[in-house]
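User: Hello! I am new to this structure and would like to learn how to read its features one by one. Could you guide me?

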Amino acid sequence: MEALGDRLKVMVKIFRRECHRVLQSERTTIHGADDMLMVLQLAMAEVNKQHGGEFKVALSDVLMAWKHLLLDKLHLPPPSFARLENYDLILEVYESFLKRSNTVDLLDILSMYKQLRLVDLDPEEPVSPIQLFEFLSGNTEVPEIPDSSVPSTPSSKNRPCSSQVKTAVRRVFCSYLNLLVNSKNDMALALTLDVPSRALGQQAFTDIKHAARNNNTSLFLAVTSFVRAIQLGGKGYAPAESDPLRKHVKGLSDFVQFLDNLEEILGEIPDPSVCGARLVAAIRAVLVKGRSSGDAVYAAAEETAKELKERICQLHQIQQQTTNASRTGISPARPKVHAVNHATAYGGRDTVKVLMALLDEEASALPRQNKADLLSEDQPVLSGAEGTCMLTLFRSPEVSAGCSPEPLRNRVQSRLDLLKPKAKDRVIRSQFACTYRDEELPLNRVLEFPSSSQVPTCVHPAPKPKNTLAVDEERSSDVEETTTASECPNKEQSGMRRGAALGQRSGNAPNRGAGPGNRKKTGIQTQGSKRKQVDSDQRGGSENEPPQKKQPMVSVKMSGKTVSKASSKKKLIAGQGKLTSFFRV
């Protein structure tokens, strides 16, 4: 088995050396056997959701599709059992996920090996299709180190054994390094988003997934673009207040800040050994922060960091020896014109090549024998309340369909409470409460009539409009009544009041009816002045001037007394005038 693993690593090295001939990006990473199985599980759950089901899939269906996938892509005879109903659609979603994440699997590497290998230098076929099928399916016998702890079943809620914790911690380390190499890897972001805990759970990952789908970008680019817009965007470029990602600003900012620190280390330190050690130390620091030395995660992080540092130093030495042996004066990075704009700005750095070699070795590692533990939702808890499960993260949270889950009795009682009349709150009034007006009745009380016979009538109806002839006749009758002013003083006073009102309505004739000198004139003079006043009223009425809102003060002298009338819109309540004059400043 060790010989098969070594031959597989040789095949991956040759692919990495010549991948620039067939791939658009030199940062393309490789999915190992475990990652391939998890991507297939996500693809099958997505197809089930598209066909009206839920985002879930049975373990038996995943294993059946896994065998069909391996045999089809390796061009081997199909198995005896029939394929699944939507197998073609599942395969399409699987390939789309790999392409979107800028990744390839081991099956693609084998298919491209014949095209990429050099005839004179490289072996013809280091791994056969049948051997690769046996390796990926896990049918080969692998010697395992005996473990004293009792293995837990997928449904067990007990604390996972140390081997499971170590595997999960190592996966987190490699996922952070994978994001530095290939930022489009969505699975690497899912494994590192909330490790350590940043309050970015399933809801936050769902919002990020929707934002990436709307903008047709990767998950990492959706996160970084949002955080950059918050930090650097002006008033017109900042995300809207209704953006769902605004609820997770703090956690997303911490995540992007940590990756910025890693990229800063990657760009400042030229020595790959020192830079790799610093990167692993920074990841270990955030994982063990706040944990005691006796914690399982703390011990697994310490052990994993030590192993990765040693392996990075070894890979750097191997690359130095290879470079010295085949030095031709040409840069081995093979830069392209479009490389800078396709997430390959660090393509020529030695540290990135060492990290890619490390990730290729991790992809060539042996798969886990227990597939149920790998695909189960009960994953080791590294941070937060539960472990990181791919199927749980990519599943959108359930949205309420509008049906209340409460019992019928509670719903009826809540409805009755809403229909009950609420007690009117007492208004605290001051010592001047006598000056307040009582509140009017609500509109529903005013418009609530039991029958049509009780329709309210107006107490003071508005005056009916009169035509011009009726007004002229009334005015002429008023003028005739003024001729008998000496006989009927009361009629003379009423005529003067009407003349004043007419004068105010026209707005052009002066008010001569209320002067004391007019009463000393004879009846003929009074009649002439009234006739002139009516003529002026007729000429002034044609101007269509609106009447004034406030009527002037009219003073009438009756039996030696002067009576003043003032039209006011609001009448004073009893006692209001005294209080107003008393407290007037």
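Predicted model: local features only at pLDDT ≥ 70, side-chain atom pairs only at ≥ 80, totals over all residues.

User: How many helices and strands does the protein chain have, and what share of its residues counts as buried?

Analyst: The chain has 22 helices and four strands. Of its 585 residues, 37% count as buried. Its accessible surface comes to about 36,800 Å², with 54% of that belonging to carbon and sulfur atoms.

User: Now for charged side chains. How many salt bridges are there?

Analyst: To spot one, look for a side-chain nitrogen of Lys or Arg within 4 Å of a carboxyl oxygen of Asp or Glu. A search of the whole structure finds 21 of them. Take Asp186 and Arg100, whose closest N and O atoms are 3.9 Å apart. This pair links distant parts of the chain, with Asp186 in helix α8 (residues 186-192) and Arg100 in helix α4 (residues 87-100), 86 residues apart.

User: Are Asp186 and Arg100 buried or partly exposed?

Analyst: Here the two partners need separate answers. Asp186 is buried, at 5% relative accessible area, while Arg100 is partly exposed, at 41%.

User: Which parts of the chain are tied together by Lys166 and Glu307?

Analyst: Their side chains meet in a salt bridge of 3.3 Å, N to O. Lys166 belongs to helix α7 (residues 162-181) and Glu307 to helix α13 (residues 296-325), so this bridge ties together parts 141 residues apart in sequence. Lys166 is partly exposed at 24% relative accessibility, and Glu307 is partly exposed too, at 30%.

User: What does Glu302 pair with?

Analyst: Its partner is Arg284, and the closest N and O atoms lie 2.7 Å apart. Glu302 is in helix α13 and Arg284 in helix α12 (residues 272-288), 18 residues apart. Glu302 counts as partly exposed, at 31% relative accessibility. Salt bridges can also share partners: Lys166, Arg170, Glu303, Glu307 and Glu362 are joined into one network in this way.

User: What about cysteines? How many disulfides does the structure hold?

Analyst: For a disulfide, you would look for two cysteine sulfur atoms within 2.5 Å. The structure holds zero disulfides. Cys19 is buried at 3% relative accessibility, and Cys275 is buried at 0%.

User: Finally, the surface. Which residues make a nonpolar surface patch?

Analyst: Leu408, Val412, Leu416 and Leu419 make one of about 390 Å². Residues in such a patch must have over 30% relative accessible area. Leu416 is partly exposed, at 43%, and is found in helix α17, which covers residues 408-419.

Conventions:
Residues numbered from 1 in each chain as written. Heavy atoms only, no water. Helix = DSSP H or I, 4+ residues; strand = E, 2+ residues; numbered from the N terminus. Buried < 20%, exposed > 50% of the residue type's maximum accessible area, 1.4 Å probe, protein only. Patch = residues over 30% accessible without salt bridge, like charges linked within 9 Å, V, L, I, M, F, W, Y side chains within 5 Å. Areas by Shrake-Rupley, 256 points an atom, 1.4 Å probe, with all protein chains shown as cover.
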